[in-house]
Amino acid sequence: RLLSSEKVSDKNHSLPKPCWGKDMRLLFDQFMKKCEDGSWIHLPSYEYIATQRSQDFPTFIHASELINKEKLSQGRLFTKSFEDGLGFEYVMFYNDAEKRIVCVFQGGPHLQGMPGFFHGGAIATMIDATVGMNAIVSGGIVMTANLNINFKRPIPLCSIVLINSQLDKIEGRKLLVSCNVQSVDEKILYTEATSLFVKLNPEKEFD
Ligand SMILES: CCCCCCCCCCCC(=O)SCCNC(=O)CCNC(=O)[C@H](O)C(C)(C)COP(=O)(O)OP(=O)(O)OC[C@H]1O[C@@H](n2cnc3c(N)ncnc32)[C@H](O)[C@@H]1OP(=O)(O)O
């Protein structure tokens, strides 16, 4: 657990919690049902990134000498830095055949931007996490090179929304992933985004 702090827990945050709303639980149950035939996979979500990929990350990034070693021990995924229910509550499901990730996201009251609505940075964070996960499952150790977001409608604070992400193209080390954010009844399109992820090249030194 090189990139994580000793203090973070092994709690899987992608399982139902008391703070999840009705729609969050309903959608969780619907997608868990879709997982029964193996077409969809329920992705776990922890406070740190304990996969082998994150162990390898420093050798890939070449900027590892920049990493502040003692601060590293306090490292925790940004989306896991709020108390349950106050920040980012989410669960992701992956469909390998379609190269899609659906994220059911319930934002908490501490994600406010304009009064009564989500902060654009909070929406961008969940988009980055969802398209990022889509790029990671297909591309391994990647970083976001470009994220373009069209905020079409403000999202009311504490909404539960669906983030639909699709891997569109892989070109060498580049992965292009698009997504949109909709209301759970899919009647309202809140946000659209495109992104470019680049697979880190272990041979490449940063200038
Ligand atoms: C672990 C489990 C986690 C699991 C859970 C976590 C999931 C969350 C994921 C969050 C991810 C992040 O937030 S990452 C944090 C935000 N991102 C960063 O800090 C990245 C900072 N930027 C970089 O480190 C670098 O610029 C890279 C790695 C992105 C690219 O550098 P590089 O490796 O040298 O690549 P380079 O040769 O320059 O470019 C390769 C190709 O990509 C193109 N390219 C590169 N950048 C761009 C760009 N902005 N716009 C267009 N095209 C671009 C180049 O033209 C080239 O195309 P061609 O000539 O080949 O055609």
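Predicted model: local features only at pLDDT ≥ 70, side-chain atom pairs only at ≥ 80, totals over all residues.

Biologist: Thanks! How many helices and strands does the protein chain have?
Modeller: There are 4 helices and 7 strands. Reading from the N terminus, the order is α-β-α-α-β-β-α-β-β-β-β.

Biologist: And what share of the residues counts as buried?
Modeller: The chain has 207 residues, and 40% of them count as buried. As for contacts between residues at least 6 apart in sequence, 69% join residues at least 24 apart.

Biologist: Let's look at H4. Why does its length agree with what a helix should span?
Modeller: H4 has 20 residues, and at 1.5 Å a residue they should span 28 Å; the end C-alpha atoms are 27 Å apart, so the two agree.

Biologist: Which residues of H4 are buried?
Modeller: Among them are Ala122, Ile123, Met126, Ile127, Thr130, Val131 and Ala135. Here is a handy rule: an α-helix has 3.6 residues a turn, so residues three or four places apart point the same way.

Biologist: Nice. What do those buried residues pack against?
Modeller: The buried residues of H4 pack against strands S2, S3, S4, S5, S6 and S7.

Biologist: And what follows H4?
Modeller: Gly140 comes after H4, and its phi is positive, near 80 degrees.

Biologist: Can we zoom in on one strand residue? Where is Ile101 placed?
Modeller: Ile101 sits in strand S3, which covers residues 100-107.

Biologist: Why does Ile101 count as buried?
Modeller: Its relative accessibility is 0%, and buried means under 20%, so Ile101 qualifies.

Biologist: What is Ile101 in contact with, leaving aside its neighbours within four places in sequence?
Modeller: Its contacts include Leu43, Met92, Phe93 and Tyr94, and also Thr130, Met133 and Asn134. Ile163, Asn164 and Ser165 are in contact with Ile101 too.

Biologist: Changing topic: how many cavities of 30 Å³ or more does the structure hold?
Modeller: It holds 2. The general idea is that rolling a probe the size of a water molecule over the atoms shows where empty space is left.

Biologist: What can you tell me about the largest cavity?
Modeller: About 60 Å³ of space lies in the largest cavity. Its lining includes His13, Lys17, Thr79, Lys80, Phe82 and Glu83. The lining residues divide into 2 nonpolar, 4 polar and 5 charged.

Biologist: And what is the volume of the second largest cavity?
Modeller: That one is about 40 Å³. Phe105, Phe118, Ile123, Met126, Ile155, Val161, Ile163 and Val181 line the second largest cavity. This lining divides into 8 nonpolar residues, no polar and no charged.

Biologist: Which elements each supply at least two residues of that lining, the one of the second largest cavity?
Modeller: Helix H4 and strand S5 do.

Biologist: Now the loops. Which loop holds Cys158?
Modeller: Cys158 is in the loop between S4 and S5. Its phi is near 70 degrees, a positive value in a residue other than glycine. Cys158 is partly exposed, with a relative accessible area of 42%.

Biologist: What about Ser159, is it buried or exposed?
Modeller: Ser159 counts as buried, at 12% relative accessibility. Ser159 is also in the loop between S4 and S5, and it touches Phe105, Gln106, Gly107 and Phe118, not counting residues up to four places away in sequence.

Biologist: Where is Lys99 found?
Modeller: Lys99 is in the loop between S2 and S3. Lys99 is not a glycine, although its phi is positive, about 55 degrees. With a relative accessible area of 29%, Lys99 is partly exposed.

Methods. Residues numbered from 1 in each chain as written. Heavy atoms only, no water. 1 Å grid on protein atoms, 1.4 Å probe; cavity = no way out; pocket = protein on both sides within 12 Å on 5 of 7 lines; lining within 4 Å. Points joined across faces, edges and corners; volume = space filled by probe spheres on them. Nonpolar A, V, L, I, M, F, W, Y, C, P; charged D, E, K, R; others polar. Buried < 20%, exposed > 50% of the residue type's maximum accessible area, 1.4 Å probe, protein only. Contact = heavy atoms within 4.5 Å. Expected span 1.5 Å × (residues − 1).
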